[in-house]
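Hi,

Here is the model I promised to pass on. Please open it alongside this message, and my notes will follow below.

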Amino acid sequence: MGRSNVGKSSLINALIGRKALAHTSKTPGKTRTANVYNIEDRFYLVDLPGYGYARASKSERHGFQSLVQAYLSTRQELAGVVWLLDVRRDPSAEDRAAAELLSERGLPVLAAITKADKLGSGRRAEQARAISAALELEEDQCIVTSARTRDGIQELGDAIDALLAAG
Ligand SMILES: Nc1nc2c(ncn2[C@@H]2O[C@H](COP(=O)(O)OP(=O)(O)OP(=O)(O)O)[C@@H](O)[C@H]2O)c(=O)[nH]1
Ligand SMILES: [Mg+2]
């Protein structure tokens, strides 16, 4: 899960290793329903609609929010959440609300900092630290990734495997 346009669908494609299984788009708000991917019959990855899509209508926004909220609060099978945060952006009010929701639910959370290729390595590390501090994430929860260069993709895949094995 994560804000609209943060790179959820791209990250799923990178994890699965296929080009266009999950539809990606330059236009925010592309993924409007929950799309479910069966991963090698081992687990399901669910691409949730993004929050914070500025041009969604009020009722649409509310719809997304309640879908995500309902999903998190009612899915018994949910083993954990991969939460995406754009490396270039300071956490928004909606990110903070998401943090609250996740901590209430008490699920394991992996934070994938996305689009790492957009910054040089110095700025990238600095931003990753700032984001994790702002959202009170532990260092070992955070993985800096790029769907474009595949930086951190293996590491994220391994962390998901570890999370599933622990559950
Ligand atoms: N440079 C760069 N661009 C990326 C990366 N990941 C995604 N993008 C771009 O960011 C835009 C949004 O990516 P999506 O994967 O569609 O984002 P999303 O979170 O699924 O968006 P919604 O479904 O609209 O909520 C697209 O133009 C992608 O090509 C990345 O790692 N690096
Ligand atoms: Mg999407």
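The notes below go from the overall layout to the sheet, the core, the helices and a few backbone details.

First, the ground rules. This is a predicted model, so to speak of local features I need pLDDT of at least 70, side-chain atom pairs count only at pLDDT 80 or more, and totals for chains, interfaces and linings use all residues. Residues are numbered from 1 along each chain as its sequence is written, while chains are lettered from A and ligands numbered from 1 in the order in which they are written.

**Layout**

The protein chain has five helices and five strands; these are DSSP runs numbered from the N terminus, with helices being H or I of at least four residues and strands E of at least two. Starting at the N terminus, their order is α-β-β-α-β-α-β-α-β-α. Of the 167 residues, 33% count as buried. Here a residue is buried if 20 or more other C-beta atoms lie within 10 Å of its own, exposed if 12 or fewer, and partly exposed in between, with C-beta atoms placed from the backbone. Among contacts with a separation of 6 or more, 65% come from residues 24 or more positions apart; a contact needs two C-beta atoms, placed from the backbone, within 7 Å.

**Sheet**

Three strands form an open sheet in the order S3-S4-S5, with parallel pairing (strands pair if DSSP finds at least two bridges between them). S3 and S5 are the edge strands with a single partner each, so one side of each has no neighbour in the sheet. From one strand to the next, the twist averages 25°, taken between axes that are lines fitted to C-alpha atoms, for helices over the stretch in contact, with angles from 0 to 180 degrees between N-to-C directions. S4 and S5 pair in the parallel sense over three bridges, and alanine 111 stands opposite cysteine 142 in S5.

**Core**

The largest nonpolar core has 29 residues, and those touching the most other members are Leu11, Trp83, Leu84, Leu85, Ala111, Ala112 and Ile113. Such a core is a set of buried Ala, Val, Leu, Ile, Met, Phe, Trp, Tyr and Cys residues joined through C-beta atoms within 7 Å. Elements giving two or more residues to this core include H1 (8-16), S3 (81-86), S4 (109-114) and H4 (121-134). S3 supplies the largest share, five residues. Beyond its neighbours within four places in sequence, isoleucine 113 has contacts that include Leu85, Ala128, Ile131 and Ile143.

**Helices**

How enclosed is H1? Eight of its nine residues are buried, so H1 is largely enclosed by the rest of the structure. The cover over these buried residues includes S1 (35-39), S2 (43-47), S3, S4 and H5. For H3 (residues 93-105), the 13 residues should span 18 Å at 1.5 Å a residue, and the end C-alpha atoms are 19 Å apart, which agrees; the expected span is 1.5 Å times one less than the number of residues.

**Positive phi**

Most residues other than glycine have a negative phi. Lysine 115 has a positive phi of about 60° without being a glycine. Lysine 115 lies in the loop between S4 and H4 and is buried, with 24 other C-beta atoms within 10 Å. Arginine 150, in the loop between S5 and H5, has a positive phi near 70° and is partly exposed, with 13 other C-beta atoms within 10 Å.

Best wishes
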